[in-house]
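Let's take a walk through a protein fold, one piece at a time. Have a look at the picture first, then read on.

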Amino acid sequence: LLGRKNAQLSFINRFITRATESLDPQDILTGARADLDMLLPVNMLHAAFWNESSTKVEAEVFLAGQDDEKAENEWTEFMLESVAKLSEKPVQGFRITRLTGHECARSYCPAAGKVMMLPLEDGRGVFGCICLQSTTPYQLGRDQVEILQTAIRHLGLVLRNSLMFQ
């Protein structure tokens with residue numbers, strides 16, 4: 001038990017250290033994908049952030065390298081639907097940013113059980129989301145859920161600072 005807790009603390013320390021080494025969202029997301037892959041299987045990581053007005057949302061969608069137009073279109077639609085759902089406002093405009101260093105051997109479309117959507121929050125509320133995809137269905141133990149929640153909370157704060165810096 002002590003060994004497992006030490007490994008978890010080591011993971012969180014490594015995760016936070018890498019996340020805070022840059023103010024570039026692409027670098028932060030690339031590092032997060034590599035680190036999260038040590039905790040659970042992550043084939044691809046996508047993200048979305050948004051700015052809200054009183055009635056609409058403008059989004060920036062970060063997509064992992066896609067070589068398949070159908071998969072890219074499905075991921076874009078999936079991410080924009082997630083933005084609308086989490087922000088509770090319609091998406092009026094968006095832009096896509098390609099993540100480098102996220103290439104995988106094959107493109108995958110969003111599939112039930114193999115996608116995990118995690119909201120990103122700061123003290124003011126939800127401002128973005130991270131989407132993790134595995135080639136196998138996710139089945140996480142309680143320890144994995146707790147450590148993932150901790151990592152994503154810290155990632156949300158780092159990404160908010162990064163976006164404010166930009």
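This is a predicted model: local features need pLDDT of at least 70, side-chain atom pairs count only at pLDDT 80 or more; totals for chains, interfaces and linings use all residues.

**Two helices side by side**

Start with helix H1 (residues 2-19) and helix H2 (residues 25-39): they pack with their axes 9 Å apart, at an angle of about 170°. Angles over 145 degrees count as roughly antiparallel, so H1 is roughly antiparallel to H2. Who does the touching? On the H1 side, the contact is made by Phe11, Arg14, Phe15, Arg18 and Ala19. On the H2 side, the list includes Ile28, Gly31, Ala32 and Asp35. Sorted by class, the contact has nine nonpolar, one polar and three charged residues.

**A sheet of strands**

Next up is an open sheet: five strands in the order S3-S2-S1-S5-S4, with mixed pairing. Strands of a sheet pair through backbone hydrogen bonds, either parallel or antiparallel. Strands S3 and S4 sit at the edges, and each pairs on one side only. From one strand to the next, the twist averages 20°.

| Strand | Residues |
|---|---|
| S1 | 44-52 |
| S3 | 91-99 |
| S4 | 115-122 |
| S5 | 125-133 |

Let's zoom in on one pair. S1 and S5 run antiparallel and are joined by six bridges. Which residue of S5 is the bridge partner of alanine 48? That's cysteine 129.

**A helix across the sheet**

Finally, helix H4 (residues 142-165) lies across S1, S4 and S5. The helix H4 runs at about 55° to S4.

Definitions and conventions. Residues are numbered from 1 along each chain as its sequence is written. Side-chain values use heavy atoms; hydrogens and water are left out. Axes are lines fitted to C-alpha atoms, for helices over the stretch in contact, and angles run from 0 to 180 degrees between N-to-C directions. Helices (H or I, at least four residues) and strands (E, at least two) are DSSP runs, numbered from the N terminus. Angles under 35 degrees count as roughly parallel, over 145 as roughly antiparallel, 65 to 115 as roughly perpendicular and the rest as oblique. Contact means heavy atoms within 4.5 Å. Ala, Val, Leu, Ile, Met, Phe, Trp, Tyr, Cys and Pro count as nonpolar, Asp, Glu, Lys and Arg as charged, and the others, Gly among them, as polar. Two strands pair if DSSP finds at least two bridges between them.
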